[in-house]
Amino acid sequence: MIKNYGDRKLTSFGIGRAYFQIICSFYGISFFIPFILTIIRKFFLLQYFEKLRIFRIPVKSVDHELDTKVPFREDLYPVYMNFINYWINPLSMLLKKFGHFKGLKLCKEFIKEIKKAYDSAYLIYSESLTTTYRPVPQTKEVKKIQKVDPHYCCVPSLHISIVVLTISFYKMLFERENFTEEERNNWNRELYDQGIAICESVLYMKQHSVNCIPAAIYMMTKTEPAIMNTELGNKMISDLFVNASDVEKTDSEKIRAYIQQFYERLLSESSCCDDWTKPILSWLEAYRPYVRNV
């Protein structure tokens, strides 16, 4: 009998179970290693090779004036970094709820989708790398991020892409696998609320621009039509910074309006071509970034 865990938060399912059961099984390794190799090759090595000038892909700034309306919040480092546990906690839940064998199959299904997100983003990165302005940090944690992160893969933001994927994938999975109403309601809400906080943190931490968010939501809308739709994309945009006390209301409204407009522009332009990457690459070619007076 499959138990109901609706009285528990997803964060209560430790990530250790997911790592152990995936890595310590041949079946788990068979899909986990290709995923890790994709991240290394299409995200980390791509940036380091560019930094070392082994690659010569153009690097373009995508700063926008609206970025200055969001304060630099180094204290949100834990929220920003939580995006890894954010999608691993649910994997641990799947293994706990369904057992090793079915749980691993469901884990494979999700990890294949994340791998696809990295593959999709690479289609943009391999043509045009992007960066943003980052203030000088004061905390050792943020200093470490800026030191180890070349910061060349901003558009589209994989932080945002993975949040979108996690919310939309589990909403589908909870229905398909007949999760209880209590589990569906509690966990959909938990994933959504955490996801919005992570999306906001990429701007607070100055790891991304307002331009990076609509590009990511657009990418997931086009590459995951079976689970992601414009309704979810629009809702996520409309909830950004709604409860932010450190961003002026008029500024948060302008940020949401800009992101919404950009998202709709990309969707509109994509209807005229058979390649979802073209609207983003065309925008990158024409975009003139905001320049700060330092």
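**Exercise 1.** State the accessible surface of the chain in this predicted model, and the share that belongs to carbon and sulfur atoms.

Solution. The accessible surface comes to about 14,200 Å². Carbon and sulfur atoms account for 55% of that surface. As for the residues, 53% of the 294 in the chain count as buried.

**Exercise 2.** Decide whether the radius of gyration of the chain agrees or disagrees with that of a compact globule.

Solution. Start from the length, which is 294 residues. A compact globule of that length would have a radius of gyration near 19 Å. The chain has 19 Å, so the two agree. Along its principal axes, the C-alpha trace spans about 60 × 45 × 45 Å.

**Exercise 3.** Count the helices and strands, then place the strands in the order of elements.

Solution. The chain has 12 helices and two strands. Along the sequence the pattern reads α-α-β-α-α-α-β-α-α-α-α-α-α-α.

**Exercise 4.** Find which residues touch the most other members of the largest nonpolar core, and list what Phe-241 touches.

Solution. The core holds 95 residues. Those touching the most other members are Trp-87, Leu-91, Leu-94, Tyr-170, Met-236, Phe-241 and Ile-280. Next take Phe-241 and leave out residues up to four places away in sequence. Its contacts are then Val-70, Glu-200, Leu-203, Tyr-204, Val-247, Ser-252, Ile-255 and Arg-256.

Definitions and conventions: Residues numbered from 1 in each chain as written. Predicted model: local features only at pLDDT ≥ 70, side-chain atom pairs only at ≥ 80, totals over all residues. Heavy atoms only, no water. Core = buried A, V, L, I, M, F, W, Y, C linked by side-chain atoms within 4.5 Å. Buried < 20%, exposed > 50% of the residue type's maximum accessible area, 1.4 Å probe, protein only. Contact = heavy atoms within 4.5 Å. Helix = DSSP H or I, 4+ residues; strand = E, 2+ residues; numbered from the N terminus. Rg over C-alpha atoms; globule rule 2.2 N^0.38 Å. Areas by Shrake-Rupley, 256 points an atom, 1.4 Å probe, with all protein chains shown as cover.
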